[in-house]
Amino acid sequence: MSISIIGARVIDPQSGLDQVTDLHLEGSRIAAMGAAPAGFAASRTLQAGGLVVAPGLVDLGVSLREPGYSRKGTIASETRAAVAGGVTSLCCPPQTRPALDTSAVAELILDRAREAGNSKVYPIGALTKGLEGEQLAELVGLRDTGCVAFGNGLKEIPNNRTLARALEYAATFDLTVVFHSQDRDLAQGGLAHEGAMASFLGLPGIPETAETVALARNLLLVEQTGVRAHFTQITSARGARLIAQAQSLGLPVTADVALYQLILTDESLREFSSLYHVQPPLRSAADRDGLREAVKTGVIQAIASHHQPHERDAKLAPFGATEPGISSVDVLLPLAMTLVQDGLLDLPTLLARLTCGPAEAMRLPAGQLQVGAAADLVVFDPQASTVAGEHWHSRGDNCPFIGHCLPGAVRYTLVDGRVCHEA
């Protein structure tokens with residue numbers, strides 16, 4: 001199909017393009033910007049005056065729940081939710097059942113993602129077999145199957161020698177390792193950020209040092225081994241400063257933050273709502289401010305949903321007995337637009353953290369608007385609004401933002417030149 005998008009504000013953060021122009025798509029590629037190429041005949045024309053066209057969003061943390069947890073979500077349902085939120089490329093973590101530690105599991109995920117025909121899926125493979133932290137998974141085989149990086153989730157590898165050897169192996173093959181930096185012992189039994197709110201509520205705390213101690217260890221091993229490293233779900237201002245120091249030393253280090261960490265704080269726990277139960281936990285207002293500054297300066301170059309859908313029963317028990325996680329990929333773009341509405345980021349900077357920033361961190365062929373590039377686009381109205389939950393596609397509605405009126409509305413999401421979502 002050939003499509004012309006007429007009169008939109010086209011923003012490509014990677015190249016710095018920000019102008020009102022036309023965009024022409026031929027098949028799965030961007031054929032031209034501005035004037036249509038000779039002989040081009042659009043089979044569909046989208047009138048986009050007042051709308052913004054940007055690269056499709058790239059989300060580095062979307063739990064698809066399949067295989068193993070289909071009561072919480074499926075590849076079809078969660079990728080459908082992703083395109084509704086403007087996401088055209090996503091990375092899924094290895095915490096499936098069985099764990100994503102074999103080529104067979106990776107192939108299953110990729111096959112079902114292709115069958116669903118929504119967003120593109122890039123699996124993050126398990127660093128160790130069964131995520132048990134003992135034996136290295138078949139990293140090269142997983143890479144050849146399609147895994148773009150490797151991590152162990154929040155299951156820390158306790159033995160420093162084992163971790164160092166794993167990083168040396170990954171460095172040998174130029175593989176990216178994803179770190180969730182949370183010290184197992186310091187976080188043991190914790191439910192909330194260790195501070196005044198946790199004390200007031202009587203909830204066991206997880207101190208900031210659970211992140212920073214693990215982060216410091218991991219950064220030292222990155223320096224020793226030279227491995228390419230991505231630090232995901234940074235939650236503290238001090239953690240962001242450690243990332244900045246590592247980058248200033250020239251270490252090959254990138255980082256992301258969960259979008260909800262830029263909006264919420266541990267004050268949200270006041271009513272004991274399990275919708276705010278996440279791991280790592282929501283932290284203080286000072287931490288949130290530090291994370292926002294790190295996003296603004298580019299120390300943290302990617303904002304991700306860290307979407308974790310749950311069935312309703314998983315959130316109905318008392319706070320400490322519920323499963324952690326927020327479902328939010330359905331509203332990723334409108335929710336992120338609150339940062340622009342509140343004057344924290346300008347629109348091109350926000351889009352950079354949602355597109356080319358995460359794409360570069362994982363070396364994905366995404367996040368750009370260039371002639372000849374894949375026609376993965378989001379078309380949205382920055383002046384409209386979205387009522388979260390009004391149209392919901394994820395199987396998990398464990399989202400504290402449902403019912404909120406959010407700025408911006410996704411009108412179209414295109415993947416390889418196909419309209420996968422239309423409001």
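## Pockets and cavities in close-up

View 1. Twelve nonpolar, 17 polar and eight charged residues make up the lining of the largest pocket. This is a predicted model, and here the pocket takes in about 860 Å³ of space.

View 2. The lining counts 21 residues, and T386, H391, V410, H421 and A423 are the closest to the centre. Two or more lining residues come from each of α1 (75-84), β16 (377-387), β17 (405-415) and β18 (418-422). Sorted by class, the lining holds nine nonpolar, seven polar and five charged residues.

**View 3. The largest cavity.** Two cavities of 30 Å³ or more are found in the structure, and the largest has a volume of about 150 Å³. Its lining consists of 17 residues, with E156, I157, F179, H180 and R217 nearest the centre. Both β10 (176-179) and α7 (208-225) contribute at least two residues to this lining. The classes split into seven nonpolar, seven polar and three charged residues.

**View 4. The second largest cavity.** This one has a volume of about 30 Å³. You can trace its lining through L191, A192, H193, L269, Y276, V278, P281 and L282. Seven of these lining residues are nonpolar, one is polar and none is charged.

Notes:
Residues are numbered from 1 along each chain as its sequence is written. This is a predicted model: local features need pLDDT of at least 70, side-chain atom pairs count only at pLDDT 80 or more; totals for chains, interfaces and linings use all residues. Side-chain values use heavy atoms; hydrogens and water are left out. On a 1 Å grid over the protein atoms alone, a cavity is a set of points where a 1.4 Å probe fits but cannot get out, and a pocket is an open set with protein on both sides within 12 Å along at least five of seven lines; lining residues have an atom within 4 Å of a point. Grid points are joined across faces, edges and corners, and a volume is the space filled by probe spheres set on the points. Helices (H or I, at least four residues) and strands (E, at least two) are DSSP runs, numbered from the N terminus. Ala, Val, Leu, Ile, Met, Phe, Trp, Tyr, Cys and Pro count as nonpolar, Asp, Glu, Lys and Arg as charged, and the others, Gly among them, as polar.
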